[in-house]
Amino acid sequence: MTLKECYTALCGNYDEALSRLMNERLMERFLQKFLSDPSFNEIKDAIENKDGEKAFRGAHTLKGVSANLAFTKLSTSSSLLTESLRNTNGVIPDEAYGLYKSVEEDYNLIINTISSYFA
């Protein structure tokens, strides 16, 4: 699989990522770093513990990282989750649980695709 095919499989924008990061070697480096990014696990733990503030911080961070790497689908779903958690005084609204499931699916697709790319 080429890096461009990897980006297609993970529902990302290869051209945008390449223009931002300038070369495929750097793109690959950041893809490897993404595999150990703690943001998603922070969201997961916060949702399980009903900690809306921590969930917001994790979602906001994941939104930024995924936008910078041009992971289009994950950037969109994590943005929706971030906004549902914004200004809720730490309470997780009911809609956030469904949005979290979308983030989880998008995140798993990316992790599996990146792992396959480097296998």
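Reply: Helices here are DSSP runs of type H or I with at least four residues, numbered from the N terminus. Please keep in mind that this is a predicted model.

Me: Good, then where is Asn 87 placed?
Reply: Asn 87 is in the loop between α6 and α7, and this residue has a positive phi of about 55° although it is not a glycine.

Me: Is Asn 87 buried or exposed?
Reply: Asn 87 is exposed, since its relative accessible area is 73%.

Me: And which loop holds Cys 11?
Reply: Cys 11 is found in the loop between α1 and α2, the latter spanning residues 14–21; Cys 11 has a positive phi of about 60°, again without being a glycine, and with a relative accessible area of 32% it counts as partly exposed.

Me: Switching to packing, what angle do α6 and α7 make?
Reply: Helix α6, residues 72–85, and helix α7, residues 94–118, pack at an angle of about 155°, and their axes are 9 Å apart. Angles over 145 degrees count as roughly antiparallel, and α6 and α7 are therefore roughly antiparallel to each other. Their crossing is left-handed.

Me: Which residues make that contact between α6 and α7?
Reply: On the α6 side they include Leu 74, Ser 77, Leu 81 and Leu 85, and these belong to a set that meets α7 residues including Ala 96, Leu 99, Val 103 and Ile 110. The residues of this contact divide into 10 nonpolar, 4 polar and 3 charged.

Me: How does α4 sit against α7?
Reply: The angle between α4 and α7 is about 150°, with the axes 11 Å apart, which makes α4 roughly antiparallel to α7. The crossing of α4 with α7 is left-handed. Phe 40, Ile 43, Lys 44 and Ile 47 of α4 make the contact with Tyr 97, Tyr 100, Val 103, Glu 104 and Tyr 107 of α7, and the residues involved divide into 7 nonpolar, no polar and 2 charged.

Me: How many residues does α7 have, and what does it span?
Reply: α7 has 25 residues and reaches 37 Å from its first C-alpha to its last, close to the 36 Å expected at 1.5 Å a residue.

Me: Last one: which residues of α7 are buried, and what do they pack against?
Reply: Among the buried residues of α7 are Tyr 100, Asp 106, Ile 111, Thr 113 and Tyr 117, and the buried residues of this helix pack against α1, α3, α4, α5 and α6.

Terms used:
Residues numbered from 1 in each chain as written. Predicted model: local features only at pLDDT ≥ 70, side-chain atom pairs only at ≥ 80, totals over all residues. Heavy atoms only, no water. Axes fitted to C-alpha atoms, helices over the stretch in contact; angles between N-to-C directions. Helix = DSSP H or I, 4+ residues; strand = E, 2+ residues; numbered from the N terminus. Parallel < 35°, antiparallel > 145°, perpendicular 65-115°, else oblique. Left-handed = near helix turned anticlockwise from the far one by under 90°. Contact = heavy atoms within 4.5 Å. Nonpolar A, V, L, I, M, F, W, Y, C, P; charged D, E, K, R; others polar. Expected span 1.5 Å × (residues − 1). Buried < 20%, exposed > 50% of the residue type's maximum accessible area, 1.4 Å probe, protein only.
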